[in-house]
Amino acid sequence: MAQTLTQRSPIDGELVDAENRNRVPALERDYAALGEKLAGVGIDIEAVKREAAGFTVAVPSWGIGTGGTRFARFPGPGEPRNIHDKLADCAVIRQLVRCTSGVSLHFPWDWVDDFAALRDEAEQLGLVFDAVNSNTFSDRPGASLSYKFGSLTHTDPAVRAAAVEHNLACIAAGRVLGSTALTVWVGDGSSFPGQQHFRRSFDRYLESTRAIYAGLPADWRMYLEHKLFEPAFYATVIADWGSSLLAAQALGPQALCLVDLGHHAPTVNIEMIVARLIGCGKLGGFHFNDSKYGDDDLDSGAIQPYRLFLVFNELVDAARDAVPGFAPAYMLDQSHNVTDPIESLMVSAATVQRTYAQALLVDRAALDTYQRDNDALMASQTLKAAFETDVTPIVQRIRLEAGGAIDPLAVYRASDYRRRVAASRPKSTSLGGGIV
Ligand code: RM4
Ligand code: MN
Ligand code: MN
């Protein structure tokens, strides 16, 4: 989205320009060198840049505050107190990184009385609203019914109805905000064998999600997000892509599967899951993050950058093949407990865009030939060649041309934004555990 005069920029434009000026000579040099290298293998750097410039990834409102572990939370300075502060922080990310104009809200955390006003507020900051997320995995203070033993799959029809109602309210809010998708993740499951009837709980999930699906506007999509475990530690109702796919197929064309990179068993081949979902026309989108053990919600590309690349390799492949209906939505879903969330989200968004640019470099004709010839080594080398190409100058140039920062982190630190907002945002006193 082009910046208009009415939009407010949280970071001084002069500072951005000054920092960029210092870095332009090196960038020009690196870009020219990379351009020459790519031309040598028949790739037009300008074409790659154009394509990568079209990439966007939404920022999660719940990732903007400092997260915690199951044990404790250590609040940082100047944490956002509400959705208005969160939008201000999102505007910083967007101003410097440029590919993050979308913000994904989570209800009831981000609930306000006037959603039209919130939409205006976002617009002033150059932001738009991406998928809205429902929360039926924690209770609202004073709620008469509890989600302790489940929500959309609860044995009590009254609890299920309340969870459905909440999702419909999220859709209603999202319509005013300009969102066109609802993401449904439920923590429903069981912690002990025998606690829950597997088949019946899945049937209840279908019955509840059908009621939500029926309330979906015609131009909306419903993303079903699976997760292996946690908070349920024995069995989760929508634990894997198979359950998610079954549900999405049962619901209808507007229901699609959402892949959160942290929601699988450690050895699962996520890129293959992605390919399968693309193959059956049910890949809805992503929650990007990285992990070593479970749903660690670490910064994208921090632990397994090659895995992220292999996911993007499948995405670019599908785009090149013009797979009908292929239009995944990209979102970050991270929790930052030892870093400044703004810094982590900026670096993550830039990493995801950078990885996409790398995947654009794969020599697909060569790969196809190596696959047909069963040349395992050269096929793997073909992917590695793209992954090992440093495309940093391309994404830096994209940011510069879009009015952002060549080095977002350096500008952010130089701006002293965190210390400035800390002056008006009292230190949070919430120290309890909990992932968000
Ligand atoms: C879950 C899941 C959902 C997110 C919540 C906060 O593990 O990833 O997408 O909304 O966490
Ligand atoms: Mn997620
Ligand atoms: Mn998660």
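At the start of helix H4, a side-chain oxygen of Asp114 comes to within 3.2 Å of the backbone nitrogen of Ala116. This contact, like every feature described here, belongs to a predicted model. Just after H4, Gly126 adopts a positive phi of about 80°. Within the helix, the buried residues are Phe115, Leu118 and Ala122. Because they cover an arc of only 50° around the axis, these residues lie on the same side of H4. The packing partners of the buried residues of H4 are helix H3 (83–97), strand S3, strand S4 and helix H5 (157–177).

The loop between strand S3 (106–107) and helix H4 (115–124) contains Asp110. With a relative accessible area of 1%, Asp110 is buried, since values under 20% meet that criterion. The side chain of Asp110 makes a polar contact with the side chain of Lys86, at 3.2 Å. Apart from residues up to four places away in sequence, Asp110 touches Ser61, Ile83, Lys86, Leu105 and Phe115.

Strand S4, against which the buried residues of H4 pack, is part of an open sheet of three strands in the order S1-S2-S4, with parallel pairing. The pairing of S1 with strand S2 (residues 102–104) is parallel and runs over two bridges. Ser104 in S2 is the bridge partner of Pro60.

A metal site was also examined. The manganese ion (ligand 2) is coordinated by Glu225 (OE), Asp260 (OD), His287 (ND1) and Asp333 (OD), at 2.1 to 2.2 Å. The six donor atoms around this ion subtend angles of 71 to 169°, and the arrangement is therefore octahedral. Along the sequence, the donor residues follow the spacing E-x34-D-x26-H-x45-D. Asp260 lies in strand S10 (residues 255–260), whereas Asp333 lies in the loop between strand S12 (329–332) and helix H10 (341–360), so the pair ties together parts that are 73 residues apart in sequence. Asp260 is buried, with a relative accessible area of 0%, and Asp333 also counts as buried, at 9% relative accessibility. The manganese ion (ligand 2) is 3.9 Å from the manganese ion (ligand 3).

Notes. Residues numbered from 1 in each chain as written. Chains lettered and ligands numbered in written order. Predicted model: local features only at pLDDT ≥ 70, side-chain atom pairs only at ≥ 80, totals over all residues. Heavy atoms only, no water. Helix = DSSP H or I, 4+ residues; strand = E, 2+ residues; numbered from the N terminus. Buried < 20%, exposed > 50% of the residue type's maximum accessible area, 1.4 Å probe, protein only. Polar contact = N/O pair within 3.5 Å; in protein donor to acceptor, adjacent residues only side chain to side chain. Contact = heavy atoms within 4.5 Å. Pairing = 2+ DSSP bridges. Donors = N, O, S within 2.8 Å, 3.2 Å for Na, K, Ca; no water. Tetrahedral: all angles 85-135°; square planar, octahedral: opposite > 155°, others 65-115°. Arc of directions from axis to C-beta.
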